[in-house]
Amino acid sequence: MDKNIRKLRNQDNNPCIEESDASQKCLNVNSYDKSMCTNYFLRYKSCRKYWQNIMVQRRREGVKPDMPTAAERQEMIAAIGGKPY
């Protein structure tokens with residue numbers, strides 16, 4: 001598997017794999033009719049925006065790594081009672 005693909009599929013690097021997979025599955029089921037998958041695309045976009053903001057905040061505070069690990073993200077999501085997007 002290509003190095004970039006492995007990075008995108010890595011849970012620690014990509015917090016929105018679930019949303020990305022759901023979008024792709026919707027496209028496959030609906031013969032790539034994008035109008036049928038708008039909600040999936042918006043959810044993915046919201047996910048990326050949310051975690052990008054977390055990453056920027058952690059950089060400002062000097063926290064390493066910039067992106068929380070998959071385990072840390074699960075704890076954060078549990079603490080706020082579910083996904084905010």
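Guide: The protein has four helices and zero strands. The model is predicted.

Visitor: What pattern does the protein follow along the sequence?

Guide: Read in order, the pattern is α-α-α-α.

Visitor: How is the packing of two helices described?

Guide: A packed pair is described by two quantities, the angle between the axes and the distance between them. Here, helix α3 (residues 38–61) packs with helix α4 (residues 70–79) at an angle of about 110°, and their axes lie 13 Å apart. Angles of 65 to 115 degrees count as roughly perpendicular, and α3 and α4 are therefore roughly perpendicular to each other.

Visitor: Which residues of α3 and α4 meet?

Guide: From α3, the residues are W51, I54 and R58. On the α4 side they meet E72, R73, M76 and I77.

Visitor: What share of the contacts in the protein between residues at least 6 apart in sequence join residues at least 24 apart?

Guide: Of those contacts, 48% join residues at least 24 apart.

Visitor: What are the dimensions of the box that the C-alpha atoms fill?

Guide: Taken along the principal axes, the box is roughly 45 × 35 × 20 Å.

Visitor: How far apart are the mean positions of the positive and negative charges?

Guide: The protein has 16 positive and 10 negative charges, and their mean positions are 5 Å apart.

Methods: Residues are numbered from 1 along each chain as its sequence is written. This is a predicted model: local features need pLDDT of at least 70, side-chain atom pairs count only at pLDDT 80 or more; totals for chains, interfaces and linings use all residues. Side-chain values use heavy atoms; hydrogens and water are left out. Helices (H or I, at least four residues) and strands (E, at least two) are DSSP runs, numbered from the N terminus. Contact means heavy atoms within 4.5 Å. Lys and Arg count as positive and Asp and Glu as negative; His and the chain ends are not counted. The place of a charge is taken as NZ of Lys, CZ of Arg, CG of Asp or CD of Glu. Axes are lines fitted to C-alpha atoms, for helices over the stretch in contact, and angles run from 0 to 180 degrees between N-to-C directions. Angles under 35 degrees count as roughly parallel, over 145 as roughly antiparallel, 65 to 115 as roughly perpendicular and the rest as oblique.
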